[in-house]
Amino acid sequence: MAEISRTVRIGSSHGLHARPAKLFAQAAKEAGMPVTVAKDSGKPVNAASILGVISLGVEQGDYVTLAVETDDDSAGEKTLDALAELLTTDHDAA
């Protein structure tokens, strides 16, 4: 298994609070492969855990690193694309 990672900047104007964290954690759970997320150079947490994601204390403009463990690079990249899209979108916009 190989690890593929990507660093993205958080877009939600209030960071990863309950609603965007729930959307992200649910998508990570449905990915079908282990996904972690880490703030800056901190310890990675299970991206499918809403409590783990919220515990990172991620605010708008912060950078996080997503990582997936996969045997299929193409599927891993697609998973990272989808999760990155969720993180860079402002879910707090009217």
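1. Basis. The model is predicted, with local features requiring pLDDT of at least 70 and side-chain atom pairs counted only at pLDDT 80 or more, while totals for chains, interfaces and linings use all residues. Residues are numbered from 1 along each chain as its sequence is written, and side-chain values use heavy atoms, with hydrogens and water left out.

2. Fold. The chain contains 3 helices and 4 strands. Along the sequence they come in the pattern β-α-β-β-α-β-α. Helices (H or I, at least four residues) and strands (E, at least two) are DSSP runs, numbered from the N terminus.

3. Overall dimensions. The chain is as compact as a globular protein of its length, because its radius of gyration of 12 Å is close to the 12 Å given by the globule rule for 94 residues. That radius is taken over C-alpha atoms, and the rule is 2.2 Å times the number of residues to the power 0.38. The C-alpha trace spans about 40 × 25 × 20 Å along its principal axes.

4. Of the 94 residues in the chain, 38% are buried. Buried means under 20% relative accessible area, exposed means over 50%, and partly exposed is in between (1.4 Å probe, protein chains only). Contact means heavy atoms within 4.5 Å. Among contacts between residues at least 6 apart in sequence, 73% join residues at least 24 apart.

5. Nonpolar core. The largest nonpolar core has 22 residues, and those with the most contacts inside it are Phe 24, Val 35, Val 37, Val 64, Leu 66 and Leu 87. Two or more residues each come from strand 1 (2-9), helix 1, strand 2 (35-39), strand 4 (63-70) and helix 3. Helix 3 gives the largest share of this core, 4 residues. A core of this kind is a set of buried Ala, Val, Leu, Ile, Met, Phe, Trp, Tyr and Cys residues joined through side-chain atoms within 4.5 Å.

6. Phe 24. Not counting residues up to four places away in sequence, Phe 24 touches Val 37, Ala 47, Val 53, Leu 66, Leu 83, Leu 86 and Leu 87.

7. Helix 1 against helix 3. Helix 1 (residues 18-30) and helix 3 (residues 73-88) pack at about 175°, with axes 10 Å apart. The two helices are therefore roughly antiparallel to each other. Axes are lines fitted to C-alpha atoms, for helices over the stretch in contact, and angles run from 0 to 180 degrees between N-to-C directions. Angles under 35 degrees count as roughly parallel, over 145 as roughly antiparallel, 65 to 115 as roughly perpendicular and the rest as oblique.

8. His 91. This residue lies in the segment after helix 3. His 91 counts as buried because its relative accessibility is 15%. Beyond four places in sequence, His 91 touches Ser 12, Arg 19, Pro 20, Leu 23 and Leu 86.

9. Val 58 and Leu 56. Val 58 is in the loop between helix 2 (50-55) and strand 4, and Leu 56 is in the loop between helix 2 and strand 4. Val 58 is buried at 3% relative accessibility, and Leu 56 is buried at 15%. Leaving aside residues up to four places away, Val 58 touches Ile 10, Gly 15, Leu 16, Lys 39 and Val 64. With neighbours within four places set aside, Leu 56 is in contact with Val 37, Lys 39, Lys 43 and Val 45. Leu 56 and Ala 38 are 18 residues apart in sequence and 7.4 Å apart in space, C-alpha to C-alpha.

10. Asp 40 and Ser 41. Asp 40 sits in the loop between strand 2 and strand 3 (45-46), and Ser 41 is found in the loop between strand 2 and strand 3. Asp 40 is exposed at 53% relative accessibility, and Ser 41 is exposed at 75%. Phi of Asp 40 is near 50°, a positive value in a residue other than glycine. Most residues other than glycine have a negative phi.
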